[in-house]
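Work through the exercises below with the sequence and the model at hand. Try each task before reading its solution.

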Amino acid sequence: MTPRLDLYTLQVFLAVLEEGSIAAAATREHIAPSALSKRLSELERVLDVPLFQRHARGVEPTSAARALARRARTLLHQTQDLAAEIRDYSAGVRGRVRVAANLSSIAQFLPMELRRFLAQHPNVQIDLEESVSSGVTRAVIDNAADIGVYTQSDDENGLDIFPYHRDVMALVTPAGHPLSRHKQVAFADTLDYDHVGMHRGSAANYLFTREAASMNRSLRLRFQVTSYDALVSMVRADLGIGIVPTKALSAYVCDDLRIIPLTDAWARRQLKLCVRSNESLSGAARLLLDHLIAQPATQQ
C-alpha cells in the first residue's frame, strides 16, 4: 500500500529543516513542539527512513531529508498556485513566480524589466529575493525559487541556463585620487590603493580576490559593504576606491566622483538566468522567463 503524506506534515517538516530546531519550527508554525515531534516521527515511520539527527543544539537533516525537501517545496508551491488560481479565477490571476537574483541584476536591470512585464500581466505575483550568486543557484536547485539571475556559481548542475545582460564594471574614485586623471585603468593599477568592496561571499568579492591572486598580489580591502549605495558613500568619503557595475551608478549622484572604465576582459561579466527545467515551469514563470531572455536583444 502506498504511504499517504499530508501537506501540513510536509510544511512543518520544511520548517524544522529551515529553522534547525523543533522548538523554533513549532513557534513559526504555531504548533506545540510535542505535536510537531510526533508528526516528524510518523513521517519517518511512513517513509521508513530517518530524516533528522537529534542533538542538544537542535536537529541536523539527513541526505534523505534534503531530497524530500526539494520535492516537498515543489508540491507545496504547486498547491499554493492551484489554490490562488481557483480563488482568484474571476480576477484573472495567473500565478506566482519566485525569483532569486544577485545585487548586480537588481541594481541594474530587473526593476524596469519587471515593471514592463507586470504592465502586460498585472495579475501575476512576483516574489523577488536578493542573494549572492551561489545562493541563487542553490535556491533554484532546492526549489526555493523558480527563476534565478546570477553571474558566477560552482553549483549549476542540472539547471537550464540562458544568457542575460552583460555586466560592465568600472572603477569609482574620489575626484582628487591619483587614479582619477586616467581615462581607463587596469585592475592591476588599482591594487596599490585601499579598496571598498562587497561583502565576503559575493561574486564580486570572489572575482576581485581571484584576479589579484593570479598576479601574486593581494586586494587591499579596507571596508566591506553589502550594497552599492554604501560603497559609493564610502568612496565619496575618501575611504577607498571601488569597482561597481556601470549601470548601477546611474542611481546615484556621482558629480563629485570619477568613473573610469576597466581595461580587463573579466570586467565585462555575463549575467545568466537559470531554472530547474523550462518544461516544468508554471505558465506565469515561463512567461517571465521568456520576457527576461528577450530583454537584452531588444535593448541592443
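The model is predicted, so local features are taken at pLDDT of at least 70 and side-chain atom pairs only at pLDDT 80 or more, while totals for chains, interfaces and linings use all residues. Residues are numbered from 1 along each chain as its sequence is written, and side-chain values use heavy atoms, without hydrogens and water.

**Exercise 1. Strand β3**

Task: Find how covered strand β3 is, and state which way β3 and β4 run.

Solution: 
1. Take the limits of the strand: β3 spans residues 95–101. Strands here are DSSP runs of E, at least two residues, and helices are runs of H or I, at least four residues, numbered from the N terminus.
2. Check the cover. Six of the seven residues in β3 are buried; buried means under 20% relative accessible area, exposed over 50%, and partly exposed in between, with a 1.4 Å probe and protein chains only.
3. Look for partners. Strands pair if DSSP finds at least two bridges between them.
4. Strand β4 (residues 124–130) is joined to β3 by seven bridges, and the two run parallel. Ala100 faces Glu129 of β4.
5. Strand β5 (residues 147–150) also runs parallel to β3, with three bridges. Here Ala101 stands opposite Val149.

**Exercise 2. Positive phi**

Task: Decide whether His30 is buried or exposed, and do likewise for Asn143.

Solution: 
1. Recall the background: most residues other than glycine have a negative phi.
2. His30 has a positive phi of about 55°. His30 sits in the loop between α2 (22–29) and α3 (33–47).
3. His30 is exposed, because its relative accessibility is 74%.
4. Asn143 has a positive phi near 65°. Its loop lies between α7 (133–141) and β5.
5. Asn143 is buried, at 1% relative accessible area.

**Exercise 3. Aromatic pairs**

Task: State how many aromatic pairs the structure holds, and classify the pair of Phe187 and Phe208.

Solution: 
1. Apply the rule: rings of Phe, Tyr and Trp (its six-membered ring) pair if their centres lie within 6.5 Å; planes under 30 degrees apart are stacked, over 60 edge-to-face, the rest tilted.
2. The structure holds five such pairs.
3. One of them is Phe187 with Phe208: centres 6.0 Å apart, planes at 35°, so tilted.
4. Phe187 is in helix α8 (residues 187–190) and Phe208 in helix α9 (residues 203–214), 21 residues apart. Both are buried.
5. Phe187 and Trp266 have centres 5.1 Å apart and planes at 85°, so this pair is edge-to-face.
6. Phe187, Phe208 and Trp266 form one aromatic cluster.
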